[in-house]
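Q: I have a structure to go through and would like to ask about it piece by piece. Could we look at it together?

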Amino acid sequence: MYILHNLATFTMTILIIFIFQMFYVMPFCSSTSTATFVFGDSLVDSGNNNFLFTLSKADSPPYGIDFKPSHGHPTGRFTNGLTISDIVGEALGDNSFPPPYLAPNVESNATNIGINYASGSSGILDATGTLFIGRVPLREQISNFEESRKYIVNSMGEENAKRFIKKAMFSITIGSNDVINYFQPSIPFVSNEKVSPTTFQDFLISNLTMNLQRLHKLGARKFVVVGVGPLGCIPFMRAIGLISKGKCSVEVNTLIRNYNKKLKVELHRLNKYIKPKAIFIYANSYDVFREIILNHKQHGFENADAPCCGGYFPPFVCYKGKDANTSSVMCNDRGKYVFWDAYHPTEAANVIIAKKFLYGDASVISPINILHLHNYGS
């Protein structure tokens with residue numbers, strides 16, 4: 001998912017680096033936690049895009065306004081506070097969050113709390129997000145993990161490194177931007193020929209599987225693979241599709257449901273046949289998030305249609321300027337909104353999703369939930 005923003009300043013860049021040095025570089029973790037390596041897009045990016053030349057950034061206020069470790073300063077997370085992976089990590093006993101791979105001086109974290117490789121606007125396919133210029137596609141994220149693995153081996157030796165990586169959790173949250181790109185309006189002077197939805201789904205599954213197998217060859221054994229959520233209901237897709245309040249794009253959500261079905265089947269196949277043995281968990285983000293939207297009042301939300309910040313209309317920018325005339329409109333109570341901006345959930349919604357992934361039953365996450373995966377094989 002994307003955030004269009006090109007107003008970052010040199011001062012803000014220095015502040016961001018300072019925040020990373022203070023809150024993310026120091027390597028420490030609880031004795032009960034294991035390393036987590038995070039891959040994906042802006043749903044879980046913890047700041048990698050801050051270090052890229054890109055239009056997909058969340059490095060200025062009001063992003064991070066509720067992120068307590070940075071005292072409300074933006075860190076590059078595409079929400080007002082914690083991401084789903086942040087919340088899961090806290091619940092599992094982590095005292096700190098895996099820092100972004102591209103931040104300075106984070107190599108040592110690879111041997112304790114882990115590293116975050118996720119990049120806003122990235123996708124399963126290398127071409128996804130091209131219009132936003134800089135991003136790190138999944139293939140390159142895994143190449144970055146290869147570099148981290150070299151550091152782990154150099155630090156503890158090959159055999160200890162294998163045992164360490166075997167116990168680590170590998171979280172993959174990606175595919176949303178691929179789908180958004182597929183449905184975006186035609187762009188002048190750019191080829192807009194589309195393959196069929198079925199061919200597109202199969203192509204995504206094939207490419208994702210190859211990347212999961214790469215991680216497996218590098219020693220990963222505990223995977224959480226998050227399906228694509230109901231993008232037909234997010235403010236951006238509803239706006240470009242001229243879809244009325246309370247409705248979602250049937251076309252978009254149908255493609256996603258069929259993709260997710262194929263993803264679940266493929267992960268079951270990997271669980272059954274891949275050697276050496278590994279466990280691949282499918283996290284059903286579609287049904288979890290759709291239920292939040294449909295029953296938002298039961299979850300304490302007042303608005304499941306509009307974004308808290310940035311509005312419905314292009315360029316969908318969430319930005320705090322010098323005064324009200326140069327700032328995006330922002331809601332008064334962020335905890336009452338399902339959507340933070342036109343693409344991403346609020347921290348309040350992320351908390352509900354994370355808890356479902358942590359403790360949910362097989363209808364939400366299978367074959368086991370994340371809490372059970374955390375203790376799996378230990």
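Q: In which sense do strand β3 and strand β4 pair?
A: This is a predicted model. In it, β3 (residues 222–226) and β4 (residues 279–283) pair in the parallel sense, and 5 bridges join them.

Q: What is the bridge partner of Phe 223 in β4?
A: Phe 223 has Phe 280 as its bridge partner in that strand.

Q: And what is the order of the strands in the open sheet?
A: The sheet has 5 strands, in the order β1-β2-β3-β4-β7. The pairing within this open sheet is mixed.

Q: Which strands stand at the edges?
A: The edge positions belong to β1 (36–40) and β7 (365–366). Each of these has a single partner strand, so one side of each is left without a neighbour in the sheet.

Q: Which strands does helix α8 lie across?
A: Helix α8, which covers residues 250–273, lies across β3, β4 and β7. Its direction makes an angle of about 165° with β4.

Q: Changing topic: how many salt bridges does a search of the whole structure find?
A: The search finds 11 salt bridges. One of them joins the side chains of Arg 139 and Asp 126, at 2.8 Å from N to O.

Q: Where do Arg 139 and Asp 126 lie?
A: Arg 139 belongs to helix α3 (residues 138–156), while Asp 126 is in the loop between α2 (84–91) and α3. The pair therefore ties together parts that are 13 residues apart in sequence.

Q: What about Arg 149, which forms a salt bridge with Glu 158: is Arg 149 buried or exposed?
A: Arg 149 is buried, with a relative accessible area of 15%; the cut-off for buried is under 20%. Glu 158 is partly exposed at 33%. The closest N and O atoms of this pair are 3.0 Å apart.

Q: Back to α8: which parts does the salt bridge between Lys 262 and Asp 202 tie together?
A: The two side chains meet at 2.9 Å, N to O. Lys 262 is partly exposed, with a relative accessible area of 27%, and Asp 202 is partly exposed with 38%.

Q: Which residues do salt bridges that share partners join into one network?
A: That network consists of Asp 126, Arg 139 and Glu 140.

Notes:
Residues numbered from 1 in each chain as written. Predicted model: local features only at pLDDT ≥ 70, side-chain atom pairs only at ≥ 80, totals over all residues. Heavy atoms only, no water. Pairing = 2+ DSSP bridges. Helix = DSSP H or I, 4+ residues; strand = E, 2+ residues; numbered from the N terminus. Contact = heavy atoms within 4.5 Å. Axes fitted to C-alpha atoms, helices over the stretch in contact; angles between N-to-C directions. Salt bridge = Lys/Arg side-chain N within 4 Å of Asp/Glu carboxyl O. Buried < 20%, exposed > 50% of the residue type's maximum accessible area, 1.4 Å probe, protein only.
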